[in-house]
Amino acid sequence: MAILSTSIRLIRSSAPSRAPVQPTLLAVALSAAASGAWAQPAPPAPAPAPAPAAAAVDPTSADAGAVSGGADRAHKHKLDVVVVTGNPLSQRELAAPVQVLSGDALTLKRGASLGETLDGLAGVGSTYFGPNSNRPTMRGLDGDRVRMLSNSGASVDASSLSFDHALPVDPLVLTRVEVLRGAAALQYGGNAIGGVVNAIDNRIPRLAQPGLNGAAELRLGGASKERGGAVVLDGGTTGFAWHVDAADRRADDQRVPRFESEDGASTHVRNSDSHGRSGAVGGSLLFSQGYAGVSVEDYHNDYGVTVEPDVRIEMQRQRLATAGEWRDPLPGLARVTWQFASSRYKHQEVEGSGEVGTVFSSDGKDGRVEATHAAFQGDWGSMQGVLGWQWELSDFSALGEEALVPGTKTRNNALFLIEQFRSGPWSLQAGARAERVNIGSTGGDEERFGDPVTRRFSPKSFSLSGAYELGNGFSLSSNLSSSQRAPTFYELFANGVHVASGAYEVGDINLGLERAKAVDLGLHWKQGDAKWSVQVYQTRFSNYIALDASGRSIDEVGEDGGIESVPEYLYRGVRARMHGVELEGKQPLPRLAGWDLTLGTTIDLVRGTNRDTNEPLPRLAPVRGSVSIQAERGPWLVQAELRGAMRQDRVPALDTPTAGYGILRLNIARHFDIGNLDAMWYVKLDNLANKLAYNASSVQTIRELTPLPGRSLFAGVQVKF
């Protein structure tokens with residue numbers, strides 16, 4: 001099935017093509033910081049089918065919810081949720097901390113970018129370089145330490161290089177987003193030490209979809225006066241399935257509470273308008289033992305760069321992907337899955353005069369093959385595992401005045417093995433991954449970048465995860481890992497002014513592997529619809545590749561021909577430590593006047609320290625949390641959320657503290673019938689008190705230019721057929 005929605009704020013729609021329609025949803029979200037401040041994800045949609053106690057699956061998962069299109073409509077059959085990311089054995093019990101957004105929960109949480117959509121989930125934040133460039137951060141880590149995936153394959157782009165580079169992902173057509181944190185993420189490589197974000201759509205269908213079904217969505221309004229929508233269509237026969245989707249989103253400069261900046265007093269974020277559009281077609285041949293499919297997609301996004309008032313980025317990514325599965329191909333072999341993709345990414349930074357200043361391009365190819373052996377059964381329990389191979393190629397170039405890195409070629413090959421043992425209340429999973437990484441500069445400005453050179457690395461990662469059922473709804477989970485990450489091309493070869501960070505960045509060709517050891521422990525309780533979970537974690541880096549100020553300044557020629565002094569920042573290895581706590585809870589309350597009430601809450605805290613200097617690591621979120629109340633009655637669902645963050649004054653010497661804030665949100669939605677179609681309308685009210693607030697995770701050069709959105713309202717209508 002699919003989604004059609006109309007809303008006062010252009011956001012993409014995504015309801016799984018085959019998923020059952022979810023229960024009626026009327027959502028109200030209030031958020032305001034209280035005494036310490038609170039910040040959390042949008043309140044959960046109607047509860048999905050219960051997940052096992054050992055699984056740390058976020059309650060916002062709505063993939064399995066039943067749907068009532070009207071007060072008298074019978075609820076449709078609920079399906080169990082199976083997490084895809086970090087779960088090659090398709091287990092329904094996961095020890096890893098996983099969060100899922102899908103169905104109505106995703107529709108109501110969806111933002112203009114993936115970072116905005118996920119911001120507020122426990123342990124998840126965003127870089128927030130204005131409303132257009134907004135990459136997820138996880139447990140205080142960002143950039144190349146958070147792995148961005150598209151249907152479990154690599155997302156080829158330039159978003160980790162610079163904060164003003166947006167992700168080429170359109171939330172409007174996503175059916176599901178999965179967030180994986182901790183040791184289990186290491187099967188995707190050492191650069192997933194922070195976690196993994198997997199954006200999932202149905203562009204390569206995996207199941208038969210006879211006839212025609214789909215969805216469409218329209219949204220209007222919001223702080224940026226957004227207007228746009230999406231259409232998703234799926235169909236086929238028992239032997240062939242096809243998919244088509246298209247989306248378009250336009251937005252004006254974002255409206256914010258009155259603030260003071262270098263431009264004086266303002267109520268808008270300068271140069272923050274955008275126009276994004278995307279389209280894709282795909283199809284799969286289906287057979288009794290699996291499927292084989294292919295898809296083609298095209299994504300465009302033209303948006304303003306807030307830090308430069310007259311510069312725009314024109315971005316395009318084209319992607320050809322294929323994926324398939326073959327079940328029981330040989331005796332003892334339960335399943336073989338594969339996926340390959342080829343992507344062409346390009347964006348150009350256009351000056352106000354129309355002149356193209358810098359052009360970034362990246363051609364990438366990636367592949368992944370996994371072979372799962374059949375389970376071995378014995379008196380001691382059962383064991384099943386998967387052997388996998390991953391391959392990635394990336395050719396990157398940056399040409400123009402603001403190119404701070406040379407052209408580079410990156411080659412990565414990896415083998416990984418994961419084995420899971422189960423016996424009674426015990427579940428143990430061990431994983432190992434070995435990589436070969438070649439990173440070479442191909443030249444360019446030899447005076448600045450030197451002669452072409454290639455570095456070779458052999459990172460290795462190991463993980464051990466476990467879960468134990470204590471009884472009475474309680475369970476324990478633990479994850480241990482030792483990981484290594486090869487430096488990125490910009491950490492090795494950067495040498496130039498980075499406008500987004502306002503610094504002259506210098507790489508180090510002699511950098512070694514980043515090395516970390518991590519542990520997280522979780523206690524979970526589930527009884528009926530009540531769920532509570534707390535995770536504590538710590539990551540120690542013996543070599544953390546940090547971008548630190550050298551204390552020197554570099555003189556550069558400015559746009560007006562004058563000399564500007566720019567602070568110098570160096571990439572270098574330091575000792576570092578990250579630790580934190582995450583709490584999530586969902587508790588049904590006594591019924592009131594026919595309304596089913598549910599209390600929800602989240603709290604997260606992360607601390608990071610450069611152990612060589614004893615200074616805090618930069619851009620860390622403060623203590624955040626939220627309290628929400630959800631009320632459901634027939635086709636209605638109401639949610640109220642109090643969300644905010646404490647003051648962040650634990651910052652490096654060259655950064656400035658960020659004030660705490662509280663934001664009040666209110667959403668209203670209702671399912672109804674249009675003939676035989678399921679529909680939902682909703683109204684979302686954000687920042688009702690018009691509170692001026694800033695994101696502590698933003699880089700300092702942009703933070704004071706981009707407050708969080710002001711008071712706004714947008715509405716939408718969603719139709720599924």
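**Notebook: loop residue, overall fold, aromatic contacts**

I started with Asn87, which is found in the loop between β1 (56-57) and β2 (97-102). I note here that the model is predicted. Is Asn87 buried or exposed? Its relative accessibility is 5%, so I list Asn87 as buried, the cut-off being under 20%.

Next I took the totals. I counted 5 helices and 37 strands in the protein chain. The chain has 721 residues, and 60% of them are buried. For contacts with a separation of 6 or more, I asked what share joins residues 24 or more positions apart. That share is 69%. I put the accessible surface of the protein chain at about 26,400 Å². Carbon and sulfur atoms hold 56% of that surface.

I then turned to the rings. How many aromatic pairs does a search of the whole structure find? It returns 11. Trp426 lies in strand β22 (residues 426-441) and Tyr468 in strand β24 (residues 460-471). The two are 42 residues apart in sequence, so I read the pair as tying together separate parts of the chain. I checked the cover on both residues. Trp426 is partly exposed at 45% relative accessibility, and Tyr468 is partly exposed with a relative accessible area of 27%.

I looked up a further pair, Phe474 with Trp525. This pair is also tilted, at 6.2 Å centre to centre and 45° between the planes. Which strands does the pair link? Phe474 sits in strand β25 (residues 474-485) and Trp525 in strand β28 (residues 514-527), and the residues are 51 apart, so I noted a link between distant parts of the chain. Phe474 has a relative accessible area of 35% and is therefore partly exposed, as the value falls between the 20% and 50% limits.

I also recorded a group of rings. Phe360, Phe396, Phe489, Tyr490 and Tyr571 form one aromatic cluster.

My last entry concerns a charge and a ring. I asked where the charged end of Arg139 sits. I found it over the ring of Tyr537, 4.1 Å from the ring centre.

Conventions: Residues are numbered from 1 along each chain as its sequence is written. This is a predicted model: local features need pLDDT of at least 70, side-chain atom pairs count only at pLDDT 80 or more; totals for chains, interfaces and linings use all residues. Side-chain values use heavy atoms; hydrogens and water are left out. Helices (H or I, at least four residues) and strands (E, at least two) are DSSP runs, numbered from the N terminus. Buried means under 20% relative accessible area, exposed over 50%, partly exposed in between (1.4 Å probe, protein chains only). Contact means heavy atoms within 4.5 Å. Accessible areas come from the Shrake-Rupley method with a 1.4 Å probe; for residues, only the protein chains shown count as cover. Rings of Phe, Tyr and Trp (its six-membered ring) pair if their centres lie within 6.5 Å; planes under 30 degrees apart count as stacked, over 60 as edge-to-face and the rest as tilted. A charge sits over a ring if NZ of Lys or CZ of Arg is within 6 Å of the ring centre and within 35 degrees of the ring normal.
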